[in-house]
Amino acid sequence: MRRRLTGTVRVPLPPGEAFALFTPRGEERWVHGWRPLFPAGAPDDTAPGTVFETVHGTERTTWVVLARDPGRHVSYARVTPGLRAGTVTVDVVPHPDGGSTAEVVYDLTALTADAAPGLAAFADGYPAFLRSWEDAIAAHLAQSTRSTSSPPSA
């Protein structure tokens, strides 16, 4: 089973700033529990060829940066052994009403018959998944704004 899922996330930031939120280290700012591990280090976490891993529950996923156009585009290969493999691509463009729109494409294949129902469930929930990204980014930005506008403590 293979699923290609496309959706958008609105971000109230200019494209260059919005793009930073979709990098491995940028996602740490707003994705609860996202902690990319870089086995070879990564001075630039979007440089093509950069490898990182994430852990979600019992699943360990290996990611490889495939391509990038700084501030506009990044694509990743990802493999969760025994479950799923594929790519994730993010393209960030200015939105006509201000801010940016990120198009997020997951192209995933279930690696076993047992993994197919999990991929189907992910596909069914994809619109809500991206809405949760929008909500988490908005909460992060609201928190950042409160932090920078708070008066210094005495």
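Accessible areas come from the Shrake-Rupley method with a 1.4 Å probe, and for residues only the protein chains shown count as cover. This is a predicted model, in which local features need pLDDT of at least 70 and side-chain atom pairs count only at pLDDT 80 or more, while totals for chains, interfaces and linings use all residues. Residues are numbered from 1 along each chain as its sequence is written, and side-chain values use heavy atoms, with hydrogens and water left out.

**View 1. The whole chain and its surface.** The accessible surface of the chain comes to about 8,400 Å², and 56% of that area belongs to carbon and sulfur atoms. Four helices and six strands make up the secondary structure, in the order β-α-α-β-β-β-β-β-α-α along the sequence; helices (H or I, at least four residues) and strands (E, at least two) are DSSP runs, numbered from the N terminus. Along the principal axes, the C-alpha atoms fill a box of roughly 60 × 35 × 30 Å.

**View 2. The largest nonpolar core.** This core has 34 residues, and those with the most contacts inside it are Val-9, Val-11, Phe-22, Val-104, Tyr-106, Trp-133 and Ile-137. Among the elements that each supply at least two residues of this core are β1 (2–11), β6 (100–110) and α4 (126–149). A nonpolar core is a set of buried Ala, Val, Leu, Ile, Met, Phe, Trp, Tyr and Cys residues joined through side-chain atoms within 4.5 Å, where buried means under 20% relative accessible area, exposed over 50%, and partly exposed in between (1.4 Å probe, protein chains only).

**View 3. The surroundings of Phe-22.** Leaving aside its neighbours within four places in sequence, Phe-22 is in contact (heavy atoms within 4.5 Å) with residues including Val-9, Val-11, Trp-30, Tyr-76, Trp-133 and Ile-137. The charged residue Glu-27 is also one of the contacts of Phe-22.

**View 4. Arg-35 in its loop.** Arg-35 lies in the loop between α2 (24–27) and β2 (51–56) and counts as partly exposed because its relative accessibility is 48%. Not counting residues up to four places away in sequence, Arg-35 touches Glu-28 and Glu-53. Arg-35 and Val-9 are 26 residues apart in sequence, and their C-alpha atoms are 21 Å apart in space.

**View 5. Asp-135 on helix α4.** Asp-135 has its place in helix α4 and is exposed, with a relative accessible area of 53%. Although Asp-135 and Val-9 are 126 residues apart along the chain, their C-alpha atoms are separated by 9.5 Å.
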